[in-house]
Each structure stands twice: as structure tokens, then as C-alpha cells.
Amino acid sequence: SGGGRMYVTMDRYESDWGIVRRGWNAMVRGVIEPEDITAEYPGYFPNAHAAIELARKIYPKKLDQFNPPFVVVGADGKPVGKMVDGDAVINWNFRGDRAIQISKAFCHANFNKFDRVEVPKVNYAGLMEYD
């Protein structure tokens, strides 16, 4: 699951926690927010390729970094990559200004920027110390 980094997950300088929330919901919970689902773009796909191809077709002027979120689902319609306790998360972003907010959502027990709803106990690692 995923989406374009500038619309899903990777905000900068704590200016828009909605971006981070959108990524959390898609990648951690396997949920697409209602405002990102349209008659043309369902938000749930059998694979990432299908999601990216449809986004490019529907939004030809958008750069990939602004693609809407997507969740990969199985034949039963359930998310195949929803995060659960014991999963490992490796943040490969080397720029701390983009990585710090999602890192806070995973690592801070007293996180209060949005309702995470579900908070799996994951092993979280990054390329550098972000905070």
C-alpha cells in the first residue's frame, strides 16, 4: 500500500498532519479515507501497479509524488499488508524533515496529532536519528 509521498505520509516541518494521517491509514490500517475514493478511483487494488497506472490515467497532469493513496487487497477485498504487532518498519528516507512525522506516529506513546485508531507494536528503524 502507499501513494505519492507529497500527498501520502511525507509532510515537511509539521505543516500538514493530514498527509501523515492519510499514509498511516493506508499503510498501517489498510484504510482509504472517504474523500480519496471517487467513482473513477476506488482506492483498493489487487496490486500497486494497478493503482499507479489508474492514477496516472485519471490524473495525467499530477506528478507521481502527488498520487492518491492506495491499499493492496486480496481476492476477498481485505488488505494484504495491514501492519500488525511484531512487524518491522524500515524508513529508508534519508531526509529527516520528511521522515520525522511518520516516525513520531510510530514511536511516540503520547502522540496526539491525529487519531491513529490502531497502533501496532512494530520494530521501527530509520537511516538516521530523526529526532
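Reader: What makes Arg56 and Asp64 a salt bridge?

Author: In this predicted model, the side chains of Arg56 and Asp64 come to 2.9 Å, N to O. The cut-off is a Lys or Arg side-chain nitrogen within 4 Å of an Asp or Glu carboxyl oxygen, so the pair qualifies.

Reader: How many salt bridges does the whole structure hold, and which one involves Asp36?

Author: The search finds 7. Asp36 pairs with Arg22 at 3.5 Å, N to O, and this pair links distant parts of the chain, with Asp36 in the loop between H1 and strand E1 (44–45) and Arg22 in helix H1, 14 residues apart.

Reader: How do you know whether Asp36 and Arg22 are buried or exposed?

Author: Buried means under 20%. Asp36 is at 6%, so it is buried. Arg22, at 12%, is therefore buried too.

Reader: What about the pair of Glu118 and Arg29: which classes do these residues fall in?

Author: Their side chains meet in a salt bridge at 3.5 Å, N to O. Glu118 sits in the loop between H3 and strand E4 (123–126), and Arg29 in helix H1, 89 residues apart. Glu118 has 27% relative accessibility, so it counts as partly exposed. Arg29 has 16%, so it counts as buried.

Reader: Why do you say that H1 is largely enclosed by the rest of the structure?

Author: Because 11 of its 13 residues are buried. Among them are Trp17, Gly18, Ile19, Val20 and Asn25. At the start of H1, a side-chain oxygen of Asp16 reaches to within 2.9 Å of the backbone nitrogen of Gly18. After H1 comes Gly30, with a positive phi near 75°.

Reader: What makes up the largest nonpolar core?

Author: That core has 12 residues, including Trp17, Trp24, Met83, Ile102, Ala105, Phe106 and Phe114. Helices H1 (17–29) and H3 (96–107) are the elements that give two or more residues to it, and H1 has the largest share, with 4. Apart from this core lies another, of 7 residues, among them Tyr41 and Phe45.

Reader: Why is the pair of Trp24 and Phe106 called tilted?

Author: The ring planes stand 50° apart. Stacked needs under 30 degrees and edge-to-face needs over 60, so this angle is tilted. The centres are 4.7 Å apart, which is within the 6.5 Å cut-off. Trp24 lies in H1 and Phe106 in H3, so the pair ties together parts 82 residues apart in sequence. Trp24 is buried at 0% relative accessibility, as is Phe106 at 13%.

Reader: And what makes Trp24 and Phe114 edge-to-face?

Author: Their planes are 65° apart, which is over 60 degrees, so the pair is edge-to-face. The centres are 6.5 Å apart. Phe114 belongs to the loop between H3 and E4, so this pair ties together parts that are 90 residues apart. Phe114 is buried, with a relative accessible area of 10%.

Reader: How do you know that Lys62 lies over the face of Tyr59?

Author: Lys62 is 4.4 Å from the ring centre of Tyr59, and the distance limit is 6 Å. Lys62 also lies over the face of Tyr7, at 5.7 Å from the ring centre.

How values were computed. Residues numbered from 1 in each chain as written. Predicted model: local features only at pLDDT ≥ 70, side-chain atom pairs only at ≥ 80, totals over all residues. Heavy atoms only, no water. Core = buried A, V, L, I, M, F, W, Y, C linked by side-chain atoms within 4.5 Å. Buried < 20%, exposed > 50% of the residue type's maximum accessible area, 1.4 Å probe, protein only. Polar contact = N/O pair within 3.5 Å; in protein donor to acceptor, adjacent residues only side chain to side chain. Phe/Tyr/Trp six-rings, centres within 6.5 Å; stacked < 30°, edge-to-face > 60°. Lys NZ or Arg CZ within 6 Å of the ring centre and 35° of its normal.
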